[in-house]
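Trainee: I am new to this structure. Please show me how to read its features.

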Amino acid sequence: MKLGVGSLVESKKHFKGIGKIIEISVEHQTAKIGFFTSPKTPYDSVIELKGSEINGKERLFEKTVVYCRFGPLQSWRMGFYDGQRPNNKHLIYFSNAESDTFDIEDLFVPTPLNRHSFSALDFIAARATTSVKHYINRTKFIDSYIKQRKACRSISSLPSSAVNLEAHQLSVVMQVLSDPKQKYLLGDEVGLGKTIEAGFLIREHILEKKNNSVIIVFTPDALVDQWKSELVTKFHLEDVMEDDFGDDEQKILVVPYTDAISITKHFESPTMVVVDEGHNLANFAWSDESDVYNKISNLCNESTTTLILSGTPISGNAKSFLAMLHCLSPENYHLTQKGIEDFDFKVESRQQLAGIYEALSIETDDFTLEGVVADIEALNLDDNRLIELLDKLKPEIDFFNDEKNEELRNYLVIQIKNHFGEKYRLFQRFIRNRRGAKNSSIEQLFPGLGKADIVEWAVNDDIPSLDEQLDDFRSIVVGENYVSNHEFILELLDALLDSPNELAKKLNILKKQDEFRKYNEIIAFALESINDEQTSKDISAKKYIDEWLLENPEGKVTVFCGESSVADNFFRLIEQSRDDVERHIPLSLPEFIHNDKIHILVLDKNGEDGLNLQGSKRLAIHYSLPRSIVRIEQRIGRLNRYCATDIGIKPIENMLLVPSSGGFIANWARLLVDTIGVFTETTASIQLVLEELLKREEPELLESGFNRLEFIKETLSGDDGLIAKEKKKVADQEVWQEMKYGIAEIKAFSHNLQTSDVDSEESHQHIQKWIKESLKFNVKKTENNCFVYQYSLGRTRLNVDEFLKHCILGMDFDSGQRNPSTKPMTPDRQLTSRTGAYPLRFGQPFLDTIFNFTLATPIGLSSAVIRKINVKLEEPKTFINLNWLCTLESESSVEQRDLDETFPPELKSEWLNSRGNIENNEAILGLLEKPIKFKQLDSNDSYQDFEISVSAEKDVWELVNQFIDPSEWKEIIETQLSNRETELIEELISEKLTPDQFSKLSVKLVSAMSVTLIGG
């Protein structure tokens, strides 16, 4: 293509957008390129390049925004490029009724160059105005978008995920994202939504780092598919996690722990690692498979963000907890004997250490700080860095020092607090929500626990029950002390708690061992009772299930067994008379979850962890009754899970099977129901303390007999019992955590997000009009009252290639590479939760791309109208509506969230009069703020608007010239707006900002409209 003065050019290396050659040097083989950044002084931005560094543009991308000179006044007019025509002409579309052809040299292509947006001041001063409709659509779109950003404080994943927002989950997300070091153990109780919290953070990571993100989720084998499903249906991450993607496309890998050893090279340097059921991984650290743990631990250390998920409480589980924290901070938590001792110290001293941490504040007076320093030194911590910092602080808080440096003092206090918290404060990297916590409304989000029935299976009164026989056997064995190890009695008890048949297996094994031959008669007597009790237990369980399903035909039943053979046997029994039963297969998701025809699920102990089995009406049958409160809590946690989006949820019912003869099983069931209350409210926060007690009591259980349960009951019960004391400890711990997390602030934040949800329909209308009417995307309705936006080549007013480059998520490319559409969307969060549609909100890449394009296009940037009013005026009066986007901006996402909190972004709208002052007269403002109305419906209408526009038929600016000269107009506009911008910046700096925020202030005039009042 031959280039000359006036030719349009581009250069991928030197600038973005379209420039125009304004001068050529044949001697130097260079060209000066001008850029239309402003119609006020076209091509005042100029660069000089070699001819070999530029490429001519014979044609533009269809619907590219262009400006042309028009009419006798050579007024500016915006149009849209519509393709080449004969004789090197180019068609420009202005409206449905008008198009015209131009030489390419006469086209001016707006290019912001190094700016992110155009100056509305320049465009309105040069009278380069656009349609009022576009101005209104643009302004309302920006306002709606910025209000959503304000509500979520730039945490993009919160509004853009298909999940209801709950305060306790928001608190976790806020805590992690506010920390530059995003390494945390998420320890919420079972069923509170740790996966949802992690899902928010994973989506946030993807949106923040985009193509630079590399995420690995490690999980038990059985949960891999469940994790993938959650990330797709709730967080819409399928576009970056398909296993058959190439390395460049796949950003998220979900794999079992053991796959860590063979991880592909692409994932060897992850930016984020998530470990689910972290206590299971921690067990690898102390086992023969430590290479798996070490590999994952190293990957955690490599990543910038690490999340370990585990609902296991710290009490009684110190080594597992230590191994999880080692993945987050290997320098502070060592897997050595010394590391274990240091960790035990932190556990025992956690309240004292937390108190010291909270007292380390720049607001704390010097006298108190001296005491805090003394408390730290009394701990005799072998920490050279801490000692060094304390020694530096001492003179700065010394009462008798007249040369104290307050700035140094505050700096040292912060440094000590950060160091002390990171290294000694146990909850620095541990966040835990629980049911029943202070100020918590978490219970409202769950089905809750209903009745717990204890159902007896009939036992022959003529002979002792298996329970009684086993206690007699224990008494004989312990009394004679013939067998060296009495632990086998507990194994027999656990087998009986599972099923009589399981006890028979254990007894038959004993029979074959020499040291038990003398007890063969006792064993044989017990074996004779097995079939009767097994049959009776099965009949009782089946009868209860049948009757319950008859009363609750839409309900579902989970039958929890222990060993797989027990589950197999009961499944075969039920299967004989029913066709709605399923046997859970470990490492797979049961059809029971989504198939309404399956009402009964039989599980062994492998199904007690990881499965989401909640629903509208659920019954848990505890066919086997383990001597483990943790296992029982895990079972209940499969059903009593987060379900805020579901309708008509009923409390979970439980049923326990016991022999009619009483004994250990019946008393254990009563202890669980009446004393511990595990079927009434969760005991997750104290369950391991209870487990420790039960473990300590095992020798006495063997020595004194099964009636030792009465002593355990007394130990647990009452105001001075272990349960009450432990619950108080948990409450005290929450006091420290409450100081850290700011519950009031979290609730306020949650309220703002919910308010934004309530306003979503109005916001959606504003967003829809801009995208559909002004940018010309097609909108197609889909099922479930959702819709898609479809790019239409030759109609939509932005470059499809630039558009797709920024949409990492949410696009449906099956609709065509040149006419792509979004995935189904909706502004209704409840609908997103039920249908999986994408929320049309801030944080949705499609919407974020539209916003960034909006700032970079002159469409709707400026407009002008004449308003004729039924009032006599001595002369026309011109007012300008200015819309300022006021924000603090940072390249750091962590800082950006903090800035949005301290200085919420807003679109500030105001009116200026012809003197350059803010108009405060309420009567005038009432006139100016009336909606645009181009048609006068009747003679009583108080006003009518006329758009100031340029067309082939007329140039309305000629009318304006009758009462204000173009040069005078330009001078008034420039003076008014430039002065006002300076004033506004000074106001914001003096009233709202701290000195360190001055440089981060951004004030952009994103749209402006002049309204000239004339009397009628």
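Trainee: How much accessible surface does the protein have, and what share belongs to carbon and sulfur atoms?

Mentor: Accessible areas come from the Shrake-Rupley method with a 1.4 Å probe, and for residues only the protein chains shown count as cover. Here the total is about 44600 Å², with 47% belonging to carbon and sulfur atoms. This is a predicted model: local features need pLDDT of at least 70, side-chain atom pairs count only at pLDDT 80 or more, and totals for chains, interfaces and linings use all residues. Residues are numbered from 1 along each chain as its sequence is written, and side-chain values use heavy atoms, leaving out hydrogens and water.

Trainee: What percentage of the residues count as buried?

Mentor: Buried means under 20% relative accessible area, exposed over 50%, and partly exposed in between (1.4 Å probe, protein chains only). Of the 1016 residues, 55% are buried.

Trainee: How many helices and strands are there?

Mentor: Both are DSSP runs numbered from the N terminus: helices are H or I, at least four residues, and strands are E, at least two. The protein has 34 helices and 32 strands.

Trainee: Is helix α9 mostly covered or mostly open?

Mentor: Mostly covered. Helix α9 spans residues 318–328, and nine of its 11 residues are buried. Among them are F321, M324 and C327.

Trainee: Which elements do the buried residues of α9 pack against?

Mentor: Contact means heavy atoms within 4.5 Å. The partners include α7 (278–285), α8 (290–302) and α10 (337–348). Strands β10 (182–186) and β14 (305–309) are also among them.

Trainee: Where does I24 lie?

Mentor: I24 is in strand β2, residues 19–25. I24 is partly exposed, at 40% relative accessible area.
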